[in-house]
Amino acid sequence: MNVARILARKGAEVVTIAPGRTLLQVAEELTRRGIGALVVVDSDDEVVGLITERDIVGAIARYGVEALCDEVARFMTADPMSIAEDHTLEATMEAMTVERRRHLPVLRGGRLAGLVSIGDVVKCRIDEIEAERQELRAYIATA
């Protein structure tokens, strides 16, 4: 299993936001869509950052609710680690664990091609384990 197959299953739509938007606008978009992160892109659609629910909570904890009026660029993770579509599921899990990231932008030819979350990775791993279990049961039943 690789990242391209994960994106084929879940879809490659990525919700993005400009770095000049506010944290309040990020919070509204995350809530409206039921997601945990937005990819921050510049006017040329280049990935410049990632903003997550945790970033918003941290900003409020440090600067108070006034932080909600500040720009995304102040609190985003700039130049976030990204992966390619040919990354394996195992390599993606390792990258997320080592880097302590729950979301990784997926790039194709340097352009945004998708976003993979820890939930996407766990779901795919569970599906793999279930398929293996069924294969083993079928094998045992025919032995």
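I take buried to mean under 20% relative accessible area, with exposed over 50% and partly exposed in between, using a 1.4 Å probe and protein chains only. My model is predicted, so I note that local features need pLDDT of at least 70 and side-chain atom pairs pLDDT 80 or more, while totals for chains, interfaces and linings use all residues. I count residues from 1 along each chain as its sequence is written, and side-chain values use heavy atoms, with hydrogens and water left out.

**Entry on strand 2**

I looked up strand 2 (residues 37–41) and found both of its faces covered, with Ala37, Val39 and Val41 buried on one side and Leu38 and Val40 buried on the other. Because 5 of the 5 residues are buried, I describe strand 2 as largely enclosed by the rest of the structure. Strands here are DSSP runs of E with at least two residues, and helices are runs of H or I with at least four, numbered from the N terminus.

Next I checked the partners of strand 2, where two strands pair if DSSP finds at least two bridges between them. Strand 1 (residues 16–17) pairs with strand 2 in the parallel sense over 2 bridges, and threonine 16 has valine 39 as its bridge partner. I followed the chain from strand 1 through helix 2 (residues 23–33) to strand 2, and this β-α-β crossover is right-handed, meaning that the path over the helix runs clockwise when the strands point away from the viewer.

On strand 3 (residues 47–52), I noted an antiparallel run joined to strand 2 by 5 bridges, with valine 41 opposite valine 47. The hairpin of these strands has 5 residues between them, and aspartate 45 there takes a positive phi near 60 degrees.

**Entry on helix 1**

In helix 1 (residues 3–10), I found Val3, Ile6 and Leu7 buried. Seen down the helix axis, these buried residues fall within an arc of 95 degrees, so they line one face of the helix; the arc is taken from the directions from the axis to the C-beta atoms. Their cover includes helix 5 (89–99) and strand 6 (103–108), where contact means heavy atoms within 4.5 Å.

After helix 1 comes glycine 11, whose phi is positive, near 100 degrees.

**Entry on strands 5 to 7**

I saw that strand 5 and strand 6 run parallel with 2 bridges, and that alanine 84 stands opposite leucine 107. Strand 6 runs antiparallel to strand 7 over 6 bridges, and leucine 107 also stands opposite leucine 112.
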